Amino acid sequence: MEPEIVREKMERVTLGRSGLSVSPVAFGTWQLSRRFWGEQSKSEAISAMRLAFELGINFFDTADAYGDGYAESVLGEALRDLPRDELVVATKFFNHFQPDGLRYPDLSPSHVTERCEASLKRLGIETIDVCLLHFYDQMTPLADIAMTMEKLRDQGKIRTFGVSNHNVEQFRAQRRFGDYDISQPAYSFVDTEVENALLPYCQAENIGVMVYSPMHKGLLTGKYTGEETFDDFRGNHPDFQGERFRQLCQAVQLLRPMADRYRLSLYQLVLAATLMHPAVHVAICGIKTPAQVTEAAGAIGKTVAREDYFAIRAALSLGQGTKVVDATGTRK
Ligand SMILES: NC(=O)c1ccc[n+]([C@@H]2O[C@H](COP(=O)([O-])OP(=O)(O)OC[C@H]3O[C@@H](n4cnc5c(N)ncnc54)[C@H](OP(=O)(O)O)[C@@H]3O)[C@@H](O)[C@H]2O)c1
């Protein structure tokens, strides 16, 4: 089938007040950070990014911190000859990189301006569609940050801007100074904290919400038994260790009959259900290979019945073992 025909069929969502039209699944490029994920094949990553576009995924998420610019460069290479007006590229700034490899927070006007130029160059584009503050910087006055973002937007270097890893109070404070339209929090069925305050706030304000780690860094994909060990950052992550890891993996397996009933893989069932939350516009999926992007694209447009949605929540909350689940399937 021609890529154009496939693209027409793919769903698009409006990313809240930003007005951007994007696929509900975004391609996440953190996987190109060797420090976290180990060595990844560059050619496989590029093939996956290009296939994503063919499969209708037009939204790509990166950050200058992913591999200290490496992910942006690879993404730029992959997207170079694709139609620019059909792509939406998000990147983030926060770190001041030092020659010894150490980093410190820096959203000062001169640093953000300099990082923006560097990212544009690596990505090979003239405008960053979605520019995010990667984390909250205590040390830069909020008015200065907002002024910088608005200046970059007025200069045409960024199209929209927002935040990542901000709690609702931090986000509310930023928005008193500037036109922040987008939030990028962590969210999955085993990490539902943002449901308490941030997601309701975003919904009320029509903020574009692009959640990250919807598969809880691979744990919810259904491929792990709980016996695996990891030589990437997950080797030090508490949810990938011992009894907790085993319980979570067993909980995911409880969903297999439901996935079969919907003719979806476990991955697709969890992703489709994650996207059903009305505050969530986009799930950013961490992708390493063409096979993984094909699976992610297969979840777009799928939904499950309300009772199954809550059964998924309950199953994954029970996987936490020590937690009590309330009537909404939320951990307490
Ligand atoms: N703003 C922030 O601070 C922040 C933080 C983290 C992430 N992000 C963004 O969000 C993206 C997604 O986050 P994440 O990487 O944590 O996401 P995730 O989607 O929860 O997990 C991704 C991992 O799942 C596994 N996987 C992916 N597709 C699979 C498939 N079809 N079948 C089986 N396993 C599969 C891969 O690892 P294995 O194959 O090794 O299991 C992959 O690395 C990142 O790439 C990044 O763009 C942003």
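Student: What makes β3 and strand β4 a pair?

Tutor: Two bridges join β3 to β4 (residues 59-61), and the strands run parallel. Two strands pair if DSSP finds at least two bridges between them, so β3 and β4 qualify. In β4, F60 is the bridge partner of F27. This is a predicted model: local features need pLDDT of at least 70, side-chain atom pairs count only at pLDDT 80 or more, and totals for chains, interfaces and linings use all residues. Residues are numbered from 1 along each chain as its sequence is written, and side-chain values use heavy atoms, with hydrogens and water left out.

Student: How do you know that β3 also pairs with strand β12?

Tutor: Four bridges link β3 to β12 (residues 282-286), in the parallel sense. A283 in β12 is the bridge partner of V25. The strands themselves are DSSP runs of E, at least two residues long; helices are runs of H or I, at least four long, and both are numbered from the N terminus.

Student: Which way do the residues of β3 point, and are they buried or exposed?

Tutor: V25 and F27 point one way, A26 and G28 the other, and all are buried. Buried means under 20% relative accessible area, exposed over 50%, and partly exposed in between (1.4 Å probe, protein chains only). In a regular strand the side chains alternate between the two faces of the sheet.

Student: What makes β11 mostly covered?

Tutor: Four of the five residues of β11 are buried. Strand β10 (residues 182-184) pairs with β11 in the parallel sense, over two bridges. S183 stands opposite V209 in β11.

Student: Why is S213 called buried?

Tutor: S213 has a relative accessible area of 13%. The limit is under 20%, so S213 is buried. S213 sits in the loop between β11 (208-212) and α9 (242-253). S213 has a positive phi of about 55°, although it is not a glycine.

Student: Why is D68 called partly exposed?

Tutor: D68 has 44% relative accessibility, so it counts as partly exposed. D68 also has a positive phi without being a glycine, about 50°. Its loop runs between β4 and α4 (70-79).

Student: And what label does G101 get?

Tutor: G101 is partly exposed, at 45%. G101 lies in the loop between β6 (95-97) and β7 (103-105).

Student: Why is A297 called buried?

Tutor: A297 has 11% relative accessibility, so A297 is buried. A297 is in helix α12. The C-alpha atoms of A297 and I57 are 7.2 Å apart, though 240 residues separate the two along the chain.

Student: What makes a space a pocket or a cavity?

Tutor: The search uses a 1 Å grid over the protein atoms alone. In a cavity, a 1.4 Å probe fits but cannot get out; a pocket is an open set of points with protein on both sides within 12 Å along at least five of seven lines. Lining residues have an atom within 4 Å of a point. Grid points are joined across faces, edges and corners, and a volume is the space filled by probe spheres set on the points.

Student: What is the volume of the largest pocket, and which residues lie nearest its centre?

Tutor: The largest pocket holds about 820 Å³. Its lining has 44 residues, with W30, Q31, W37, S213 and G286 nearest the centre. α2 (34-37), α11 (266-274), β12 and α12 (290-297) each supply at least two lining residues.

Student: How many cavities of 30 Å³ or more are there?

Tutor: One, in a search of the whole structure. The largest cavity has a volume of about 40 Å³. Its lining includes F27, G28 and Q31. β3 and α3 (42-54) each give that lining at least two residues.

Student: What makes a set of residues a nonpolar core?

Tutor: Its members are buried Ala, Val, Leu, Ile, Met, Phe, Trp, Tyr and Cys residues joined through side-chain atoms within 4.5 Å. The largest such core has 94 residues. F27 and L255 are among those with the most contacts inside it. Apart from that core lies another, of 14 residues, including V22 and V282.
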